[in-house]
Amino acid sequence: MYRKLLLTIILILNCQFSILNCQSWEHFYTYRHFGMKEGLPQSQVFESFQDSYGYLWFSTNDGVCRFDGISFKNYSMKDLHTDTRVLYINQYETAILLISPKNIIFLYPDQTMEYYPLPENYRIHGNHVSIALFENDIFLFNCLLELQQNRLEFTLFRFNLTDKTYTKITENLPELMACISEQKLYAISFFTIKNQKVALYRLDNDMLQKVNAISMEQDDFMLWPNLTRKKDWFATITKKREQQENTHLYKIIFEKDSVRFEYISELPSVNLHPCIERLDENRLLFGFGHSDFFSYMYYFDEQRFLPFPINFNTMMNDILPDHDGNLWFSTESGLFQCTRFLFDSYQLKIASFDNIWGVIKDAHHNVWFSSHTYGFLRADKQGDLHNVHLTYNGQKVSPVYGYMGNCRDSRGRVFLSFHEGIAVYDPEKGKPNQLDHIPTGCSLALYYDTRHNEICFGGITDTGTTLNILHTNGEITTYPFLGVKHIISICRDGNQKLRLGTFTGEAFLDEEKQTIVFDTLPRPYKSVICMTLDDKGILWKGGFNGLFAEDKQGNDHQIFDQTTVFAINYYDKYIVFGSKDKLHILDLQSYHKDNTISIRTFGYYDGFDVMECGQNGASIDDEGFVWVAGGDKVIRFHPEQLMKLPPIVAQKPYLAAIYFADKNSEWTLLPQNSSI
């Protein structure tokens, strides 16, 4: 019985790791999810808008909500005097415009509301594309009487924003989409077409006239115009030939009362009406919803569709870029906020918690992970994840608990630390899933010494801690380092001394006398968790007391006062360092110029959402990206891209109302130049 149970457990474990060899890591942009628990009035989110004050507005099937970055303020359908969801959100002067199928609502900063029902029991048919704010009017296309039987003949209304009155403009219209181009209001027809023409209308002096008819291909197809917030017009056309459907993307170009459909590409997914948004001059973002309520996201960049590393298991309804460059996705399962595209996240997804302590990318595009739970893993160029085995004298080493610390040498070898020594990947051997074991005991620090082309690392023996140096000929020299528990950082300083950091102090290797010498200088700190050297000979040291810069004379200058767990020199431009759960980038050139301490900080709300920065858990790849191990995931970013972005500056407060509790309070007149 017990033997059968043991064999069953072994088989399950073997299956788990064999599955791992076919698994792909999960790559995504960091994002936050907002649902009803976070304050949404209802989980289905449709239209989105950001006003001039910075508030974000979203419509749901149970009213509208306003988000201030912290909490939601909800306006129910009862508050809005409507029985259906709001189709359109915009701003006119100080008021927020909310348009439902039956009425127009003005919501003012003091929270007062005005309601203007559509006349004669009319209601808007369709969605937000049938509404246009043009000059001082709102134009409401596709209006029907409540009990109207003929759903193919619509009415156009104009609502004047000054006198707040409705005017009926034209009746017996087809279903139209409002278009504003070159200071003119157009409308274009969209529906299933068979041997027909697309009709184009123009508004002149309260008269909507057909000005053109554009011939289309003689096939059955569905035409859906799409508008981005930057006023780009696109059309997705699904062509039906026999049993096959293909969807194509066209750009709609307005030219002197006519439109031209410029073919761009076939879409990677068949969908009648995807969400389209422009990210920048060269890239469009597409969200394709399917009948299985799963959305697929794609970039369109230089005539190619590329997967966008966010896929939601829900239908996409709208995409909003906010003033700070974040993206907000309105879906059938709440809101998702993608933070400024600053940080890529990678998860192994072996279990609920990956426990990643180290990460490094080699010259062959392999990314190596050290997990304290699962040992070493390798993601290849295609993103497929492989389990990696450790061997010593031809025998498999097990178990393996990955530790912090890693490095690469000039031969392209990768060195990783674990609880029994270090592991080596040598690309010349051609065995990417097999590492060699150098058994020196527990190592918490690895350093590639470019001066001698050697690998320096710590270790533990029966007699205590050791410093080990792997020479170019493969031999190892070991130095006893008694009186300390672990070496946790190694680096050459500005005077070319090989420095050793511990949790309780520091030392250096006297290479003439071949012995380790303890540091006796009075220091403003105890621990040296991480070290890195810049091109001016400044040694940057991080620990429990913060980040310090040590000059060649041995003088320490405190730069940062919070626990610092990793620090790396980014091409002598920046010192990139991490505190408990935040990333910091120091402008190195400003510091060298006049000792200016200029630090940018990025945290959870910027997309750097690690559980905890790994001790010495950062590395730089050949493309200039920095990889940081964060326990639950790995974060990748490019410091140059981060530093080019202007810091987020808080908007000036908008005074919406004044309240006072005591009528006898004394009031003082503010000077005219007051910031208030």
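Buried here means under 20% relative accessible area, exposed means over 50%, and partly exposed covers what falls in between, with a 1.4 Å probe run over protein chains only. The model is a predicted one, so local features need pLDDT of at least 70 and side-chain atom pairs count only at pLDDT 80 or more, while totals for chains, interfaces and linings use all residues. Residues are numbered from 1 along each chain as its sequence is written, and side-chain values use heavy atoms, with hydrogens and water left out.

Arg-158 has a salt-bridge partner in Asp-206, at 3.1 Å from N to O; a salt bridge is a side-chain nitrogen of Lys or Arg within 4 Å of a carboxyl oxygen of Asp or Glu. Since Asp-206 sits in the loop between strand E19 (197-204) and strand E20 (207-215), and Arg-158 in strand E14 (residues 154-160), the pair ties together parts that are 48 residues apart in sequence. Strands are DSSP runs of E with at least two residues, numbered from the N terminus. Asp-206 counts as partly exposed because its relative accessibility is 30%.

Arg-278 and Asp-232 make another salt bridge, at 2.5 Å from N to O, and both of these residues are buried. Lys-541 and Glu-550 pair up too, with their closest N and O atoms 2.4 Å apart, and each is buried. These two also belong to a network of salt bridges that takes in Asp-493, Arg-499, Glu-506, Asp-519, Arg-523 and Asp-556 as well. Over the whole structure, the search turns up 36 salt bridges.

On the aromatic side, there are 43 pairs, where rings of Phe, Tyr and Trp (its six-membered ring) pair if their centres lie within 6.5 Å, and planes under 30 degrees apart count as stacked, over 60 as edge-to-face and the rest as tilted. Phe-67 and Phe-72 are stacked, with 4.4 Å between centres and 25 degrees between planes, and both are buried. Phe-134 and Phe-139 are tilted instead, at 6.4 Å and 55 degrees. Phe-139 counts as buried because its relative accessibility is 2%. One aromatic cluster includes Phe-106, Tyr-108 and Tyr-166 among its members.

Charges sit over rings as well, meaning that NZ of Lys or CZ of Arg is within 6 Å of the ring centre and within 35 degrees of the ring normal. Arg-66 lies over the face of Tyr-55, 4.0 Å from the ring centre, and Arg-636 has its charged end over the ring of Phe-625, at 3.8 Å from the centre.

Methods: Helices (H or I, at least four residues) and strands (E, at least two) are DSSP runs, numbered from the N terminus.
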